[in-house]
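Open the structure in a viewer and keep the selection panel at hand. The tour below goes from one selection to the next.

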Amino acid sequence: MSTKNGQKTVPGDFKIEKASGLPRQEIVEKDRRYVWHPYTPMDDYRCSGDPIVVQSARGVRITDQDGRQYIDGNASWWTSLLGHNHPRLVEALKAQADEFCHVAFASTTHAAAACLAERLAERAPGALPHVFFSDNGSTAVEAAVKMAAQYHYQTGAPDRTVFLALETAFHGETLGATALGGVDAFRRPFDALTTEVIHVPSPGVRKKGETAECAEERALAALEEVLERRAEEIAAFVLEPLIQGAGGMLVHRPSYLRRVRMLTERFDVLLIIDEVFTGFGRTGSFWACDQAGVVPDILCTAKGLSGGLLPFAATLTNSRVFEAFLGGPSRAFYYGHTYAGNALGARVALEVFRVYDDENILEALPRKVAKLQQSFAGLGELPEVAEVRGIGLCAALEIGTSGGGYLERIGWRVFDEAKRRGALIRPLGNVVYLAPALTISDSELDELLGILDESVRVALRK
Ligand SMILES: *Cc1c(COP(=O)(O)O)cnc(C)c1O
């Protein structure tokens with residue numbers, strides 16, 4: 001580096017570090033030695049972990065360093081809804097990077113954030129005109145939880161500090177979000193640290209022989225009973241709409257959402273809808289809420305919002321919530337994340353909205369949805385498959401009934417078979433599911449479904 005007019009300049013022969021020149025084995029050795037991976041038992045991994053060393057990703061395909069390709073069966077944890085490296089999103093990212101990447105989002109603003117907030121408010125399922133930015137799904141939920149608590153604190157109901165969530169819920173990993181979670185393996189170690197949450201039965205969990213209608217009635221009766229007893233203590237009900245993702249792809253009907261909205265209004269409990277997984281078309285409509293005609297008090301979005309390019313999230317609120325934070329500095333929401341309103345994320349998200357419009361992403365869905373759901377229904381004929389369920393471009397098989405849940409191994413046998421055949425199908429325990437990019441082509445979807453079909457049959461025979 002040299003200094004010119006007090007400014008550092010980069011010499012002409014400067015080259016950025018090339019991360020991809022290393023041989024595969026060297027990368028894997030470094031990785032096993034130093035990297036602690038998410039959701040990964042590290043003892044096995046350190047001895048024999050065999051990760052795909054990603055070289056590039058385009059559309060639904062990931063290519064490793066040896067040139068092997070894999071179809072990304074879950075759109076990289078449900079984020080790359082428009083496929084990997086959509087050219088327009090990469091272009092938006094580069095254009096923003098040329099201008100600036102990030103500035104602290106207090107006492108400043110920028111065009112991308114302001115325009116994106118407007119787009120989100122216009123596209124929201126109802127009047128949710130106040131947009132709070134953060135970095136990821138967990139923080140979008142964490143912000144919502146704190147907003148709800150402070151809302152009641154400042155509107156004469158400081159005793160409303162308890163939250164309601166479903167028994168099989170997943171809302172992220174920060175402590176507030178962890179408390180809301182219902183998946184035992186994720187929450188148990190932290191039970192002592194978390195705020196009080198009442199978990200109520202999920203309408204997506206059916207007892208043997210029970211219909212969806214009966215499960216819904218049972219779930220609503222339990223919810224109403226809790227509200228009648230304890231509404232004065234309850235701040236909000238936090239809910240994944242129409243499909244609970246990480247809890248095992250459990251689906252419920254729009255009527256459940258509508259009736260929850262009526263109950264929360266009757267008992268003056270805020271409704272927080274977590275669209276982190278479902279938003280941006282996963283369930284067939286732009287928001288899952290749209291199918292029920294329900295407008296929550298607070299809506300959380302992340303994942304598909306930034307097209308799988310980088311971490312970005314938003315929490316939208318109605319005016320009733322927002323206005324409880326007006327009336328002087330002592331009532332403000334003293335909460336924020338360092339990378340809130342990140343310019344790269346905002347610019348990409350703005351382009352995401354334009355791509356949905358220009359490429360008619362939702363209009364092209366019904367045919368693919370039918371193909372996906374039909375293929376899963378076929379696998380439902382297998383005697384080992386306990387249940388098939390799905391909505392939109394997401395379908396799941398629950399294998400066996402041994403009740404091992406998230407720690408069950410059969411899903412991993414399917415994963416191994418699929419990987420060998422060129423697809424990444426990471427399971428949720430004994431639940432094997434697909435949630436590909438919404439832009440997957442018919443022939444790619446056929447290929448992915450073919451691999452899944454064969455992998456399930458082979459894994460069950462082993
Ligand atoms: C993934 C997910 C989250 C957490 O998002 P992160 O970006 O992983 O923090 C929260 N809620 C739902 C419904 C999710 O699927």
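Select the ligand and D274: a nitrogen atom of the ligand lies 2.6 Å from an N or O atom in the D274 side chain, a polar contact (a pair of N or O atoms within 3.5 Å). This is a predicted model, in which local features need pLDDT of at least 70 and side-chain atom pairs count only at pLDDT 80 or more, while totals for chains, interfaces and linings use all residues. Residues are numbered from 1 along each chain as its sequence is written, and side-chain values use heavy atoms, with hydrogens and water left out.

For N136, the distance from a side-chain N or O atom to a ligand oxygen is 3.2 Å. Of the 380 Å² of accessible area that the ligand has on its own, the protein covers 83% (Shrake-Rupley method, 1.4 Å probe).

Now show the residues surrounding the ligand, among them W78, F170, H171, E240 and K303; each has a heavy atom within 4 Å of it. By class, this shell holds four nonpolar, five polar and three charged residues.

Which residues touch the most other members of the largest nonpolar core? Select F237 and Y356, in a core of 134 residues. Such a core is a set of buried (under 20% relative accessible area, 1.4 Å probe, protein chains only) Ala, Val, Leu, Ile, Met, Phe, Trp, Tyr and Cys residues joined through side-chain atoms within 4.5 Å. Helix α12, residues 343–358, gives the largest share of this core, nine residues.

Finally, select I52, I62, Y70 and F415, which are included in a second, separate core of six residues.

How values were computed: Buried < 20%, exposed > 50% of the residue type's maximum accessible area, 1.4 Å probe, protein only. Helix = DSSP H or I, 4+ residues; strand = E, 2+ residues; numbered from the N terminus. Polar contact = N/O pair within 3.5 Å; in protein donor to acceptor, adjacent residues only side chain to side chain. Nonpolar A, V, L, I, M, F, W, Y, C, P; charged D, E, K, R; others polar.
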